[in-house]
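Here is a friendly briefing to read alongside the model. Take a look at the structure first, then follow the notes below.

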Amino acid sequence: MPQFAFRKQSPTAADVAVVAVFAAKSDDAPVLGADAAALDKPLKISLSDELTHLGFKGDAGQTARIPTRGRATAPTLLVVGLGEDPDVHALRKAGAAVARAAAKGPDVAVVIPGDLLTGEADAVKRAEAVVEGATLGAYTYTAHKTKTPEERNLGEVVLLAGAGADANAVKGAIKRPETIARAVCLARDLVNEPPAFKRPPALADRVASLAKASGLKAKIHDEKALEQGGFGGIVGVGQGSSAPPRLVELTYAPARAKTHVVLAGKGITFDTGGVSLKPTSGMTTMKMDMAGAATVFAAAIAVAELGIKVKVTVLLALAENMPSGTAIRVSDVLTHRNGTTSEVMNTDAEGRLVLADALAYGAESSPDALIDVATLTGAQIVALGSRVAALMGSDDDLLAAIEHAAGAVGESVWRLPLPKEYREHLDSEVADLKNTGKGREAGTIAGGLFLKEFTGDRPWAHLDIAGPAFDESGNGPLQGKGATGMGVRTLVEYIDGLAR
Ligand code: BES
Ligand code: ZN
Ligand code: ZN
């Protein structure tokens, strides 16, 4: 992970390997801001001409390298495109492009622009976007690489205040985005971890010790406690595995908190489908089926490290969904924490079974908001694809606040309805509910409607991140292939908004 520092220096004097400036795009040509334009004289070039010759138009994520030929301390000038009408989100993505283009490092200086962006974004917001983008863009998962790739050596990112950007604002804007982006990377690490290394007991221990290190209280409900506590969904889903399930309960309770939020996460450490076995092709990415748990966990870590004055309880419903002689069968009936029974018509619809218990348990403490995050349905990917999460819930104000938070941090969520008419899709012949809906109809909504039954009278929101949690393309602006950490930044922003 890169380290950040602020220096009061001119771009030509910055003692680094690469100095980066940004350029927007207009009418198929780059638009240079004041910082780039000011380089013509000291570098004795026309930067516009150089960029034209290189075919650089200022497209989002496009980069151009210009040798400074001894006329600046840094041997290389990097120009990074922001695209047309760039806003602070474009700057965040460009920050990620800087980290990738300068990955060989060992260091890079980034000139925080005071111009170029449309909309309202002060120097704090701009510097935050660059720090966040650079940290996210620099991320790679190397835990199991025996050789660190040579092209990954970015050590320090130096922020320079550009023309019109307040230096003190830039200097003070490092810690918050760094904390948040590191939490996103933590979620990514957990999701990218191979499933054998994060079976429920091991993952529970790991997150509990990380949580304690960040000042949270941690309680692990083991399989006996879950059985005794009536967590039939978590026990049922976990019973096919030789590694028993866990419910991890983390609490961050700062003094003078006026609001209490419960965050519940789906934590299936590997989803084979159970006896309703997935085909091989459907299983390849299923180590990511604990992304909801990783997301809410990482969000709480960031909230605690930032000292946000909101009480947060995190519930991680951890189980490994395996087929075996002890696994739940199709048509088995489970009794959940709130007494509701469910008939398991498909053991691959396991996420709602474990979350049902976590939500019911979370509702018992009467929080002001109850939010769950889950890679719940393949249908979410059909409906909204791999960049947009599905948002559902029971409280308009809560959903609006989450939409607002997502918009503020540049994550994409879209609301789906939970129509009462569809509740009958979940009617069971023998239990209160069945865990599947009406065939291929409204699968994501069916998941949401199932969970709603366990939320009591609490304001509740459900984020289905099946698509956006894991990037198989490698084309994402803020990450490479693998876990994205989608949802962490939205949750932190939402919770921070409650304290403001
Ligand atoms: N973990 C899957 C959902 C999923 C699929 C997440 C693809 C990410 C990528 C979930 O447990 C599941 O299998 N859901 C079933 C539900 C169905 C049986 C009602 C699905 O979506 O097919
Ligand atoms: Zn499943
Ligand atoms: Zn699953």
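Which spacing do the donors of the zinc ion (ligand 3) follow along the chain? They follow K-x4-D-x17-D-x60-E, where donors are N, O and S atoms within 2.8 Å of the metal (3.2 Å for Na, K and Ca) and water is not among the atoms, so sites may look incomplete.

This is a predicted model, in which local features need pLDDT of at least 70, side-chain atom pairs count only at pLDDT 80 or more, and totals for chains, interfaces and linings use all residues. Residues are numbered from 1 along each chain as its sequence is written, chains are lettered from A and ligands numbered from 1 in the order in which they are written, and side-chain values use heavy atoms, leaving out hydrogens and water.

**Zinc site**
- Lys266 (NZ), Asp271 (OD), Asp289 (OD) and Glu350 (OE) coordinate the zinc ion (ligand 3) at 1.9 to 2.4 Å.
- The site has 6 donor atoms with angles of 77 to 172° and is octahedral (six donors, opposite ones over 155 degrees apart and all others between 65 and 115).
- Asp271 coordinates both the zinc ion (ligand 3) and the zinc ion (ligand 2), which are 3.2 Å apart.
- Both Asp271 and Asp289 are buried (under 20% relative accessible area, 1.4 Å probe, protein chains only).

**Nonpolar core**
- The largest nonpolar core has 68 residues, of which Leu263, Val312, Leu316, Ile371 and Tyr494 touch the most other members (a core is a set of buried Ala, Val, Leu, Ile, Met, Phe, Trp, Tyr and Cys residues joined through side-chain atoms within 4.5 Å).
- Leaving aside neighbours within four places in sequence, Ile371 is in contact (heavy atoms within 4.5 Å) with residues including Val261, Leu398 and Tyr494.

Conventions: Buried means under 20% relative accessible area, exposed over 50%, partly exposed in between (1.4 Å probe, protein chains only). Four donors count as tetrahedral if all angles lie between 85 and 135 degrees; four count as square planar and six as octahedral if opposite donors are over 155 degrees apart and all others between 65 and 115; anything else is irregular.
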